[in-house]
Amino acid sequence: MNSKLKVKVNKSQVIEVDPGQPQTLLEALEQAGVETRYHCRSGFCGACRTTLISGEVEYINDPLAYMRPQEILPCACKAKTDLEIEH
Amino acid sequence: MRYSTFNQTNVNPLGEPMFFGNPVNVARYDQQRHSIFEKLIEKQLSFFWRPEEVDVSRDRVDFQAMTDSEKHIFISNLKYQTLLDSVQGRSPNIALLPIVSLPELETWIETWSFSETIHSRSYTHILRNLFSDPAKVFDDIVMNDQIRKRATDISKYYDDLIFYTQLWQTHGEGTVEVEGETYQVSVRDLKKKLFLCVNSVNALEAIRFYVSFACTFAFAEREIMEGNSKIIRLIARDENLHLTSTQHIINLWQYGDDDPEMKEIAEECREEALEIFTSAVEQEKGWAEYLFENGSMIGLNKDILCQYVEYIANLRMAAIGFEPQYDQTSNPLPWMNKYLVSDNVQVAPQEAEISSYLVGQIDSEVSAGDFGDFDL
């Protein structure tokens, strides 16, 4: 079954991600050419903090940086459903 | 309230605020009010490293080949970082331990300070390698006006909190006279001082290191001073973790997940907290100007560095709920990120493929071409 998920970024670009891949959301964004911000890439610094407008993500690494309820850390998670994000 | 090293009243640590509750008694981590601090401790411990593990001997040759303006940039940054870590290696312990009320946070503060002492020891390691007598460099730290100016701003919030905590712990609330001066002591006011102090520390961890980090990594991009850069990468990784902890403390307060009085204070002092941050940004820009006063270095100048400070300040401000204050929304130094990535930090620095480890060693990569002039 090929069930790719759609991620809408910054109200414009839509990228497709394969939930079967171990790739993080940050890596998926980079691959699609989105200008990303990051430092540690392992969930503790919070530099990639991103607003989640809709959808659900799952964490591959335990995130340590502070997140408000509507925020996610793309370097440590991947998409679980279709997403809309503001990075 | 007098401090006790083992408070014998039975308190429920799950009901205590982070600060100004009961002093911690049992150092227990089986249950935690804010489990994030326990996770930070584990992370920090997993980061453990020692400066001696990094070979900096090759840097001496690179340093001697530098221009005078580059030497000024390099040494001034080391002096500034020495100051920052001198403060951070002791102040969280002295200012925060007497008033902390959660065992996991108490241990985090100790772990955090300890890691700063490793940073301080690395500066000696780096300087010893560059100079036969590094004393002159260290002596200048308390005489250099540019550094002194910053030292005042960094230490004043800590000093204020420490002094008033001492008054409160020996005299309690009310009017206190010491050496002919009168002071008003109240817990509410102490909490305010604590809030401002943590905001100032947050600004320190968030941006004050980054001008020097950028210079170090710009040297590394030219493949010089690589031993030093290896150390600074380890330091940057630690500082990022410390920053996460101050962001957590501030956010736990301001979003009402800790002491309700601290939430009120966070609202009351919002402007002041913002000013602490923006003035740290201005000081860092001033520092960039001082660094480049004798000339710039390849790959970096004052303007780009100031843009980088603004870029990173925007990110850090958003993390504690402030609106980004600066226009710089894209990263003017994209190569910085590769030095800040945690996965790229080698666990055993001596195994890294940096040039200093290849000096006097055998290159194990052999290609067919190496046998070209070989006869039997």
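This is a predicted model: local features need pLDDT of at least 70, side-chain atom pairs count only at pLDDT 80 or more; totals for chains, interfaces and linings use all residues.

Colleague: OK. How many residues of chain B are in contact with chain A?

Modeller: On chain B, 32 residues are in contact. They meet 16 residues of chain A.

Colleague: And how much area do the two chains bury between them?

Modeller: About 1,900 Å². Carbon and sulfur atoms carry 55% of that.

Colleague: How many salt bridges are there across the interface?

Modeller: The rule finds 1 between chain B and chain A. A:Asp62 pairs with B:Lys39. Their closest N and O atoms are 3.8 Å apart.

Colleague: What about residue pairs in polar contact, how many of those?

Modeller: Between chain B and chain A the count is 8, with both residues at pLDDT 80 or more.

Colleague: Which elements of chain B give two or more residues to the side that touches chain A?

Modeller: These are α1 (36–46), α9 (226–254), α12 (302–319) and α13 (336–340) of chain B.

Colleague: Which one gives the largest share?

Modeller: That's α9(B), with 8 residues.

Colleague: How do the residues on that side of chain B divide by type?

Modeller: There are 16 nonpolar, 10 polar and 6 charged residues on the side of chain B that touches chain A.

Colleague: New topic. How many disulfides are there over all chains?

Modeller: The count is 0 by this rule.

Colleague: Remind me, what is a disulfide?

Modeller: It's a covalent bond that joins the sulfur atoms of two cysteines.

Colleague: Is A:Cys45 buried or exposed, then?

Modeller: A:Cys45 counts as buried, because its relative accessibility is 3%.

Colleague: And where is the nearest cysteine sulfur to A:Cys48?

Modeller: In A:Cys75, 3.8 Å away. A:Cys48 is in no disulfide. A:Cys48 also counts as buried, at 3% relative accessibility.

Colleague: Last one. Where does B:Gly286 lie?

Modeller: In helix α11 of chain B, which covers residues 270–291. B:Gly286 counts as partly exposed, because its relative accessibility is 28%.

Colleague: What separates the C-alpha atoms of B:Gly286 and B:Lys302?

Modeller: A distance of 9.4 Å. Along the chain, B:Gly286 and B:Lys302 are 16 residues apart.

Methods:
Residues are numbered from 1 along each chain as its sequence is written. Chains are lettered from A and ligands numbered from 1 in the order in which they are written. Side-chain values use heavy atoms; hydrogens and water are left out. Contact means heavy atoms within 4.5 Å. Buried area is the accessible area (1.4 Å probe) that two parts lose on being put together, summed over both. A salt bridge is a side-chain nitrogen of Lys or Arg within 4 Å of a carboxyl oxygen of Asp or Glu. A polar contact is a pair of N or O atoms within 3.5 Å; within protein, one must be able to donate a hydrogen and the other to accept it, and residues adjacent in sequence count only if both atoms are side-chain atoms. Helices (H or I, at least four residues) and strands (E, at least two) are DSSP runs, numbered from the N terminus. Ala, Val, Leu, Ile, Met, Phe, Trp, Tyr, Cys and Pro count as nonpolar, Asp, Glu, Lys and Arg as charged, and the others, Gly among them, as polar. A disulfide is a pair of cysteine sulfur atoms within 2.5 Å. Buried means under 20% relative accessible area, exposed over 50%, partly exposed in between (1.4 Å probe, protein chains only).
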